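Subject: A structure for you to look at

Hi there,

Here is the structure I promised to pass on. Have a look at it first, and then read my notes below.

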Amino acid sequence: MVIDREDMQRRNLRRIAKTDGIKTSKTFYVCTSGKIIWPYIDAASISFDEGYLYSASHDVKCIARELIGEESVDVVVGLQKRDWIFSKGVSIKMDLPEVKLYKSGDIDGSKMDGLRAIHISDLNNYGTSTTLASQMVEKDGGILTHAVYY
């Protein structure tokens, strides 16, 4: 399957805009990576519209399937808490279990021993959540093979 990423990006940016996800303020926004930005995108806003969330999860699943190709993964992981908006929907659409990773280091779900995981993230913010997810998966005995963000 060939994905028209430009069309997908246009659709999803419209969804974010319609759900008031493009934020501006009189001050700057500090990301979890420590970077300062303005304006910023609040991808979580998509969760306020069930239809948009369903479509967005489908789009992320399509990108994940294209990325994985013939390889297989065993679990979908998402890092607390914003990633879970998309990791849950993608895990359902890919018919895979979801493992929730907590920033405290706790893991909610199956033991990762030998499991191959894909990290589903809300946005790519300098890769900090994927780096942490990879460290947690590896510490629990698994391997993070792929990462996709909304």
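Helices (H or I, at least four residues) and strands (E, at least two) are DSSP runs, numbered from the N terminus. Ile22 sits in strand β1 (residues 22–23).

This is a predicted model, in which local features need pLDDT of at least 70 and side-chain atom pairs count only at pLDDT 80 or more, while totals for chains, interfaces and linings use all residues. Residues are numbered from 1 along each chain as its sequence is written, and side-chain values use heavy atoms, with hydrogens and water left out.

Now to the strands, where two of them pair if DSSP finds at least two bridges between them. Strands β5 (residues 75–79) and β6 (residues 98–101) run parallel and are joined by four bridges. Val77 stands opposite Val99 in β6. Two bridges also join β6 to β7 (residues 107–108), and these strands run antiparallel. Here Leu101 has Ile107 in β7 as its bridge partner.

How many aromatic pairs does a search of the whole structure find? It finds one. Rings of Phe, Tyr and Trp (its six-membered ring) pair if their centres lie within 6.5 Å; planes under 30 degrees apart count as stacked, over 60 as edge-to-face and the rest as tilted. The ring centres of Trp84 and Tyr102 are 5.1 Å apart and their planes are at 75°, so this pair is edge-to-face. Because Trp84 lies in helix α3 and Tyr102 in the loop between β6 and β7, the pair ties together parts that are 18 residues apart in sequence.

Enjoy exploring!
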